[in-house]
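The following exercises are meant to be worked through with the coordinates at hand.

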Amino acid sequence: MTSISKPPVRHPSAQKNQIGLTKADYEGGMSTLCAGCGHDSVTAALIQAFWELDLPPHRAAKMSGIGCSSKTTAYFMKQSHGFNSVHGRMPSVTTGANAANRDLTYIGISGDGDSLNIGFGQLAHAIRRNVNMLYVIENNGVYGLTKGQFSASADVGSKSRKGEVNEQTPIDPVLLALTLGATFVARSFSGDKTQLVPILKAGLSHHGFALIDVISPCVSFNDHEGSAKSYAYMRRHEVEVVETDFVPLRREIKVPETHEELTVVRMHDGSEVRLHATAPGYNPRSRDTAYRHVQACVRKGEVATGLLFIDESGREMHDMQRTVTTPLAQLPYDVLCPGSAVLDSLMERYR
Amino acid sequence: MAPTNVSDPRYFHKVVDCQWACPAHTNVPQYLRLIGQGRYDDSYLLNRESNVFPGILGRTCDRPCEPACRRGRIDEKPVAICRLKRVAADLRGDITDRLPKAPAQKNGKRIALVGAGPSSLTVANDLLPLGYDVTIYEKHNQPGGLMRVSIPSFRLPASVIDEECQYIIGMGATMKYNTPVTSMKALLNEGYDAIFVGSGAPHGKDLDIPGRHDTSSIHVGLDWLAGVHFGHIEHIEPRVLIIGVGNTAMDCCRTSRRLGATDVTVVARRSRAHFKASPWELDDAIEEGVHILENHAPTRFVVENGVLTGMEFERLQWTEDKSGRQSSTVVGTVIVPCDAVILAIGQDNAVPWIESDLGIEFAARHMPIVDKVTHQSSRPGVFFGGDAAWGPQNIIWAVEHGHQAAISIHLHCSGRALTDRPPTGMTLTSTKLGMGAWEYSNDYNPSPRAKMQHEELVKRFSDVSIEVELGYTPEQAAREVERCLNCDVQTKFTDALCIECDACIDICPTSCLTITPVRESEADLRRHLSAPALNTKQELFVSGPLTQTSRLMVKDEDVCLHCGLCADRCPTAAWDMQRFDLKLGYAGGLLAGAEQR
């Protein structure tokens with residue numbers, strides 16, 4: 001663990017974003033994770049994405065459960081809201097928070113244990129409800145905090161550090177999300193920020209539940225020979241299926257001269273996501289091709305990465321619930337709680 | 001792109017900006033750390049190995065290290081290196097038994113040194129311990145040369161000069177005081193094995209314009225300062241003009257204030273940005289009420305009935321053309337009233353005592369032809385150093401000349417080629433103590449530079465030898481030491497260990513690190529880093545291909561804080577913080593570094 005805090009000095013060319021913040025303003029406390037943990041790289045990618053999107057920290061809420069991954073919300077945006085929930089219950093807490101205040105940007109950080117083991121049901125229902133949030137799974141295939149037992153995302157045949165072989169079939173969060181009707185499904189790698197940052201930005205701009213499965217190696221318990229979630233394994237088996245470019249609203253859009261086929265998706269806030277599929281016939285707007293392709297990759301032992309599926313026309317939780325557009329926190333008290341007379345008349349309807 | 005060759009000591013040496021900038025390559029960060037630990041004796045001795053006169057230089061050095069200091073690139077002001085050096089000198093105990101000693105058995109070689117200034121004394125310092133019989137000829141009755149005669153005692157007390165010169169002379173140099181050398185031929189006939197000329201540049205330049213010789217109130221700065229030193233001059237008229245804006249001019253104007261002048265003006269041809277004086281000396285002069293008059297070129301002295309009443313100047317306006325060349329136009333003339341003028345417009349070396357038929361060749365302006373590396377003149381066995389070699393420079397340069405000349409003299413007297421110089425080496429030692437623990441203070445101290453306390457003005461002007469700067473207290477010194485970024489604790493990278501996890505890149509506060517695909521050129525690479533590497537005076541470290549992706553680890557040295565966080569966060573110890581110790585070559589062979597202390 002690092003004994004000093006990060007010096008407050010920055011590179012002389014460090015710039016400010018549109019709301020006058022430097023990247024350092026999006027940093028949080030010093031990481032207490034193991035040196036070399038993939039999660040710290042995800043944190044760095046998040047900081048980069050927030051800074052580039054000019055996200056006001058006080059308009060964001062960092063949500064997490066329990067686990068190494070869930071600690072990482074402490075390491076970015078120290079001036080935002082946050083909730084560190086019971087193990088695996090982050091999706092429900094976020095659903096509640098979002099129901100009460102739909103104006104905040106919700107950033108859920110979870111891990112494979114938190115989301116695919118103890119919180120599996122919670123995740124599934126947050127996807128179904130299409131809660132408007134960014135949901136990052138920092139996926140390393142092991143329980144790092146309890147010294148490296150296999151988690152639900154460990155591949156069949158992968159070896160623990162002690163040499164045990166996993167025999168149970170894994171849960172693939174990408175296939176799960178595609179099955180449950182998620183409208184934004186991506187996979188990336190903590191060691192590839194050029195890919196991860198635009199996906200995070202697209203996910204933050206997405207209207208609805210944006211699931212990003214980030215393979216984030218556990219350097220202490222799952223970075224050995226025989227692991228399917230190590231740095232070296234990912235570098236050999238990662239296949240980028242879709243290249244993502246995020247074009248924010250205010251940047252002048254100049255479509256580059258290219259003969260390649262681009263899928264341009266206009267986001268809810270007016271920004272654009274441009275997707276370039278590298279696999280022939282791949283269509284990031286088709287749930288079926290995405291599912292088939294990802295599964296085909298799994299069979300070949302490849303890890304398909306990129307923004308694999310996007311549907312910007314979906315309805316999020318508030319649309320389906322037809323809730324009031326004003327956040328509950330901002331409603332006048334007599335509107336939020338109209339009193340016993342109104343309750344009585346409501347009850348009358350059910351007699 | 002070829003990987004950086006870090007086995008060449010020059011790479012890491014250059015990272016230590018202060019040590020690189022210092023002509024004598026003093027190990028600044030290490031001696032600062034020793035001061036911070038209260039180990040003043042050790043600090044003083046480490047300092048002395050390369051710069052020989054820590055007490056003197058701690059007060060008078062021109063500080064080439066400070067503008068180079070990395071702290072100055074990330075903070076408003078550099079570390080107060082020079083003043084800290086003085087702290088070690090002021091607070092040290094008795095270190096005499098730890099100084100080098102001359103052996104009882106001499107080596108039979110006799111050498112003569114002309115002048116007892118810093119360059120000659122350095123030669124003596126390096127050669128006496130090797131058994132040389134050293135004789136020093138000095139025209140004055142005390143050692144120190146310019147340091148004693150030209151630098152006023154309110155900046156450099158005589159006691160400090162006495163002590164540090166005695167450390168060298170006490171090893172057994174034969175001192176011939178009050179003995180100006182008047183003939184090189186005669187000196188050569190004495191049969192010395194080698195002769196070193198370190199007689200300085202004692203000849204102040206004159207200004208031959210109308211009126212110069214019509215009055216006795218016009219002085220040449222160096223001679224005037226010497227006159228004050230020897231007590232021949234005890235007062236000066238109330239209104240004094242100083243012509244020139246180098247450090248000698250600063251000494252002259254400040255000395256004038258102490259000898260009764262009430263209205264002192266320093267006059268310069270150019271604007272302040274072009275002044276040669278060290279900024280702090282200029283500040284000190286202004287603090288003492290000295291006026292500065294810029295863009296004035298002297299044309300004549302106004303002398304009425306043998307009495308100096310003023311000086312006429314042309315007022316200049318400077319313009320710069322596209323190539324940056326400056327030119328002036330006269331926009332008027334003005335007469336500035338005054339009672340005395342001191343000329344401080346430069347100095348020349350003067351060796352009229354070297355006969356022309358000795359094989360010692362001279363170039364233009366009576367400058368001897370001296371080899372830049374070996375310091376040997378065109379006559380084998382005759383060496384030059386200090387201001388006598390290439391004109392006026394700082395004391396620390398004279399010291400370095402002395403070291404290099406001593407090497408040459410030793411080689412010459414051993415019958416070896418002068419080019420057979422001792423190599424420069426280095427050691428790198430890991431400073432890792434454990435998880436997140438390093439044997440140096442890696443935490444960043446945001447304090448501003450410590451202010452130097454000055455003696456109050458009334459007391460200063462009461463006596464010419466009251467020292468103005470009072471020095472730092474141990475507490476101030478310890479705090480100031482913490483501002484040092486420990487640039488000698490190097491970030492050492494082993495590419496075979498790197499797993500490309502990005503941890504170092506993510507943590508680096510100043511965005512120094514990048515893992516990048518191979519680029520065509522360094523210029524291209526500099527544009528495509530985590531932060532653009534715009535300071536091309538600072539090196540890029542480029543690793544070999546990394547094992548997983550064949551990409552390269554690149555570090556821009558420019559604003560690295562040496563905080564060690566990259567190494568702290570590295571899971572495989574591919575980054576390590578290693579203390580770099582430069583092993584300089586001296587006459588006595590490779591100098592033992594700080595390790596043995």
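**Exercise 1.** Determine how many helices and strands chain B contains, and decide whether its radius of gyration is that of a globular protein of its length.

*Solution.* In this predicted model, the secondary structure of chain B amounts to 22 helices and 25 strands. Along the principal axes, the C-alpha atoms of chain B occupy a box of roughly 90 × 65 × 45 Å.

**Exercise 2.** What share of the residues in chain B is buried, and what share of the contacts with a separation of 6 or more joins residues 24 or more positions apart?

*Solution.* Of the 597 residues in chain B, 46% are buried. Turning to the contacts with a separation of 6 or more, 72% of those in chain B are between residues 24 or more positions apart.

**Exercise 3.** Locate Asn295(B) and His375(B), and classify each as buried, partly exposed or exposed.

*Solution.* Most residues other than glycine have a negative phi. Asn295(B), however, has a positive phi near 55 degrees, and this residue sits in the loop between strand 9 (291-293) and strand 10 (296-304) of chain B. Because 18 other C-beta atoms lie within 10 Å, Asn295(B) is partly exposed.

His375(B), likewise not a glycine, has a positive phi of about 70 degrees, and its place is in the loop between strand 14 (347-348) and strand 15 (382-384) of chain B. His375(B) has 28 C-beta neighbours inside 10 Å and therefore counts as buried, the cut-off being 20 or more.

Key. Residues are numbered from 1 along each chain as its sequence is written. Chains are lettered from A and ligands numbered from 1 in the order in which they are written. This is a predicted model: local features need pLDDT of at least 70, side-chain atom pairs count only at pLDDT 80 or more; totals for chains, interfaces and linings use all residues. Helices (H or I, at least four residues) and strands (E, at least two) are DSSP runs, numbered from the N terminus. A residue is buried if 20 or more other C-beta atoms lie within 10 Å of its own, exposed if 12 or fewer, and partly exposed in between; C-beta atoms are placed from the backbone. The radius of gyration is taken over C-alpha atoms; the globule rule is 2.2 Å times the number of residues to the power 0.38. Two residues are in contact if their C-beta atoms, placed from the backbone, lie within 7 Å.
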